[in-house]
Amino acid sequence: MSGTIDEIRSEIDALHEAGTYKTEPVLSGPMGPTVQLAGGAEVINLCSNNYLGLANHPDVLAGARRAMDAFGQGTASVRFICGTFGVHLELEKAIAEFCGTEKATTYVSCWNANEALVPALISAGDAVISDELNHASIIDACRLCSKKAERLIYSHSDMADLARRLGEAADARRKLIITDGVFSMEGDLADLPGIVKLAKEHDALVAVDDSHAHGVVGRTGRGTPEHFGVTVNIITGTLGKALGGAAGGFIAAPAPVIELMVQRSRPQLFSNALPPAVAGGALAALALLKREPDRVGHLQENVAYLRDGLRKLGYEVLQSPTAILPIIVGDTAKALRLADAMLANGVLITGFGFPVVPEGAARLRAQVSSVHTRNHLDQALKAFDAIRSEAGD
Ligand SMILES: Cc1ncc(COP(=O)(O)O)c(C=O)c1O
């Protein structure tokens, strides 16, 4: 036994030796365009998914408090036993309206929502076809399907490869194409028009995880279907990014799909409901987005400003309507070193390396919020300028 623990210790030691051991920044205040480091300085925050600045918005906090006052801390039960509150139903109605679907259901995270969706929908004789760069929760969700289901992977956004996989799955009873709407490490969009066209030709369902698109992409922040003007069958998303910033996830879909999830999906059958405060906060966030759609346009202006500034400094950044700007630097240790250098220049930004991204494709990932001011973005650009020679070597 102690030999096993020693082995685990040497795995951790190896991370330290390689310079790839991750540390978590500890903050002493709420999430905002700047954050207060515990025992340290206030720094520009370029690494949160708080895209609309709602994580500490007074209306969102008031919504959370109202729900907590009405329903207490939580359900102390899974939903079908005695764990559904009025605030859950209200939130699900608002999510369905936001996504333009018949119904929605919630989970404690989008990780859970994805792991709920795929195995409940795809069983023996069915096929799920997934983009190779999909979020880890989708990859794991596909792994959770019956061994007798086909699990196929297509090259990233490659419609010819997707068509080939659909051909391989021609005899499957039910076919599901699943994709991120915005790819979280690349900051690019799925080719939804291409996917929807192939799905029609091959009689497949399309599910899109729009966790990084809700509140960000599309004129009113309704995500990638709004951006492309297409309709998909199923949408999953998180309440832990633009839509309140706490936690929680959902599936929005036609009524029979949602009923199947409520009847069959394991994270709902065997795990507690979303805490009422989180549900109430998310409900208030959705109401705020509806009332103040300009937040989305402002976010998009901020993204364009930072992207242009980075390009002027000589950084290569993808042209994309998302609020994720990756700067590829190659090696994991270098990404972590550059993140430290940014922090020394007053900017909190994350360096991502293996196993979150492939070996050799480590990166800094800048994320923009609608509540960043021009001054915040200019300060961030100054820091990028200061580390430029190290980033380029
Ligand atoms: C595309 C995507 N799906 C799902 C998730 C998980 O969301 P949650 O934090 O609600 O579990 C994330 C979070 O990083 C994500 O980027």
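Helices and strands here are DSSP runs, numbered from the N terminus. The model is predicted.

**A loop residue**

T373 sits in the loop that links β13 (362–367) to α15 (374–386). Is T373 buried or exposed? T373 counts as exposed, because it has 12 C-beta neighbours inside 10 Å, and a residue with 12 or fewer falls in that class. I324 is 49 residues from T373 along the chain, and 17 Å separates their C-alpha atoms.

**Two domains**

The chain splits into domain 1 (15–45 + 293–392) and domain 2 (58–291). Their C-alpha centres are 27 Å apart. Contact between the domains involves 16 residues of domain 1 and 16 residues of domain 2. On the domain 1 side, α13 (294–312) and β10 (324–330) each provide at least two of the touching residues. That side of domain 1 has 13 nonpolar, 2 polar and 1 charged residues.

**A helix pair**

Two packed helices are described by the angle between their axes and the distance between the axes. For α4 and α12, the angle is about 35° and the axes lie 9 Å apart. The crossing of α4 past α12 is left-handed. The table lists who touches whom.

| Helix | Contact residues |
|---|---|
| α4 | V87, H88, E90, L91, A94 and F98 |
| α12 | P276, A279, G280, A282, L283 and L286 |

By class, the residues of this contact are 9 nonpolar, 2 polar and 1 charged. In the chain, α4 covers residues 86–99 and α12 covers residues 276–291.

Technical notes: Residues are numbered from 1 along each chain as its sequence is written. This is a predicted model: local features need pLDDT of at least 70, side-chain atom pairs count only at pLDDT 80 or more; totals for chains, interfaces and linings use all residues. Domain bounds come from an automatic or database domain assignment. Two residues are in contact if their C-beta atoms, placed from the backbone, lie within 7 Å. Helices (H or I, at least four residues) and strands (E, at least two) are DSSP runs, numbered from the N terminus. Ala, Val, Leu, Ile, Met, Phe, Trp, Tyr, Cys and Pro count as nonpolar, Asp, Glu, Lys and Arg as charged, and the others, Gly among them, as polar. A residue is buried if 20 or more other C-beta atoms lie within 10 Å of its own, exposed if 12 or fewer, and partly exposed in between; C-beta atoms are placed from the backbone. Axes are lines fitted to C-alpha atoms, for helices over the stretch in contact, and angles run from 0 to 180 degrees between N-to-C directions. A crossing is left-handed if the near helix is turned anticlockwise from the far one by less than a right angle, and right-handed if clockwise.
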